[in-house]
Amino acid sequence: MSSTTAPVPRPAATSAVLRRGLRVIWSGMRAQPRATVFAVVGSVLWASATVGTAWAIGWVTDTVIEPAVTAGSVAAGGLWLIFGVLVAILAVNVVGVILRRVFATVAGFNLQAGYRRGVTRQYLRLPLSWHHAHPSGQLLSNAHADVEATWQVFNPLPMAIGVIVMLIIAGTMMVFLDPVLAFIGLLVFPGLFLANVIFQRFMSPRITRAQQLRAEVAEVAHESFEAGLIVKSMGREDEETERFRTRTYALRDSLIRVGRTRGTFEPVIEAIPTLGTLAVLGVGTWQVARGELTAAQVVQMAYLFSILAFPVRALGWVLAEIPRSVVGYDRVQRVLRAEGSMEYGERTLPPGEGPASAALHDVVYRHEGEDHPTIHGVSLEVEAGSTTALVGPTGSGKTTLANLALRLVDAEAGSVLIDGVDARRLAHGQIPAVATLVAQQTFMFDDTVRGNVTLGEEATDQSIWDALRIAQADPFVRALPAGLDAVIGERGGTLSGGQRQRIALARAIWRHPRLLVLDDATSAVDPSVEQAILAGLREAREGMTVLVVAYRMATILLADQVVYIEQGRVVDRGTHAELIGRCTGYANLVQAYAREAAERAAVAATEEETS
């Protein structure tokens, strides 16, 4: 487990980040046009009503309040007029706010949901070779935190658009009221823009670093949870705690720096419009004293600035979110644009329910990032209805060949044929429809036994019990409190390793595959149980071809053909009796297997005698 972290790229210049952020926003608006239009319409209504309030206050002051003060009384009609005007403006304001908030939320969450689906589809589309090079924690962060960061900007966006409309309307009104006061007040906005640009320049690297650290924390946490058994059995709890603490404290410090920056700049940004309002009141009062303006005009101008003080902050919110949005977008796009997807043809496999054949011709495969191939020009024929065992030392390439046979990975050179058809030319879904893999490392869903066998497909109880019987899983499943409907917990935590392997084997058998690939799929079961499983497979093998990665003699002896592999090359092939007499490497290996089996049997017998 490595504690190193990926280098954090330096953020681009502020102007470049702003341009890229605007492109991200525009792409989101095009993806959610209906919700965006309603949100913007609502924001424009809100902006118009807000500015209309300033006009109404000035108009009421000029036509009702000042005459009432002069006359020493106010007519009932005047009060009703004030009430009616303000209620009408308030109604428009409320409708605008509702439209703005509701549809901004709809747009933002629709974008998040759409991108999460896109990222997940890409994960499923990308081959295993790509997944091997990308930690699961990082992938979880891409699908959750990075997608959320990309589209969080849509929360303040409609309000910021409304603020721009508000500034245009308010600026026009102020110029008509008094150009001098308008000029003094409008000096506020260049100041606000400059403050936000400086704010963004400081925030961008801090947001980038925090987003990277979120992914690292998720990656470390995922590794720790996945390796829980290793951590506890090796006594590494303190080291794992320290590794997680280091990343979480780094994230904490990074977020504190973000908060400090935000806490420093936001009061300044809030103060600038207030200073503009004070300047307008000061100069306006002086002009009223000289008779150049009326009190109503000064009140209207000052109120315009006071109501702009808070909404203008929405521009700052958008500018503050843009760096985070760009960082999240880049991280998500690296997934969506990842190379290595498998191309499919349009061929279909010949119809029929009989066993399928498989063949590898001059196959070469190289793991990503490695200089030398793992598989060197291997050719292999697996005849329909036969059982072929792949035997070889650890690291010889047996599992890789099994994956190549099912096109879980693509060969660098050579070809893989299923029933005589090049696997690359087959349509999507053709191979899974006829072939199934049972791996040594089994995966169980947090579901019932039934759900783990059928994976949600319709099935009769009898068909499930038949598959469990062949896999020698029916005795312990019948002993479970709910039988087929017993929930076996996350990753099958309530079952032993051998029980999980037997359910995984039943999952494959239930599908009646024409080609069954077993990658040491009975390693965790007792030899006697393995013998019964192999006998059941032989019974059910009439419509099935079996390719098995074998480590036990019982499995090897089941095979019609044994292929011995060393260092990614086929050294020899034939029956067990043929290879044991002519292939030294094979003979030494199977003798080691036999000694290991004998030792295990002796230990088991001793334990039985002493118990």
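Helix axes here are lines fitted to C-alpha atoms over the stretch in contact, with angles running from 0 to 180 degrees between N-to-C directions. With that in hand, here's a quick tour of a predicted model, where local features need pLDDT of at least 70, side-chain atom pairs count only at pLDDT 80 or more, and totals for chains, interfaces and linings use all residues. Residues are numbered from 1 along each chain as its sequence is written, and side-chain values use heavy atoms, with hydrogens and water left out.

**The chain as a whole**

- The chain has 22 helices and 10 strands; these are DSSP runs numbered from the N terminus, with helices being H or I of at least four residues and strands E of at least two.
- Of the 611 residues in the chain, 46% are buried, where buried means under 20% relative accessible area, exposed means over 50%, and partly exposed is in between (1.4 Å probe, protein chains only).
- Take the contacts (heavy atoms within 4.5 Å) between residues at least 6 apart in sequence: 79% of them join residues at least 24 apart.

**Helices α16 and α18**

- Two packed helices are described by the angle between their axes and the distance between the axes.
- For α16 (residues 461-470) and α18 (residues 497-510), the axes come within 8 Å and cross at roughly 125°.
- That makes the pair oblique, given that angles under 35 degrees count as roughly parallel, over 145 as roughly antiparallel, 65 to 115 as roughly perpendicular and the rest as oblique.
- The contact uses Ser463, Ile464, Ala467, Leu468 and Ile470 from α16, and Ala506, Ile509 and Trp510 from α18.
- Sorted by class, the contact of α16 with α18 has 7 nonpolar residues, 1 polar and no charged ones; Ala, Val, Leu, Ile, Met, Phe, Trp, Tyr, Cys and Pro count as nonpolar, Asp, Glu, Lys and Arg as charged, and the others, Gly among them, as polar.

**Helix α13**

- Helix α13 (residues 398-405) has 7 of its 8 residues buried, so it is largely enclosed by the rest of the structure.
- Those buried residues are Lys398, Thr400, Leu401, Ala402, Asn403, Leu404 and Ala405.
- After α13 comes Arg407, with a positive phi near 55°.

- Most residues other than glycine have a negative phi.
- Gln472, in the loop between α16 and α17, has a positive phi near 60° and is partly exposed, with a relative accessible area of 25%.
- Gln567 isn't a glycine either, yet its phi is positive at about 50°.
- You'll find Gln567 in the loop between β9 (561-566) and β10 (569-574), where it counts as exposed at 64% relative accessibility.

**Two other spots to look at**

- Thr494 sits in the loop between α17 (474-479) and α18, and it is exposed, with a relative accessible area of 57%.
- Leaving aside neighbours within four places in sequence, Thr494 is in contact with Val487, Ile488 and Gly489.
- Gln531 belongs to helix α19 (residues 527-540) and is partly exposed at 44% relative accessibility.
- From Gln531 to Leu558 is 27 residues in sequence and 9.7 Å in space, C-alpha to C-alpha.
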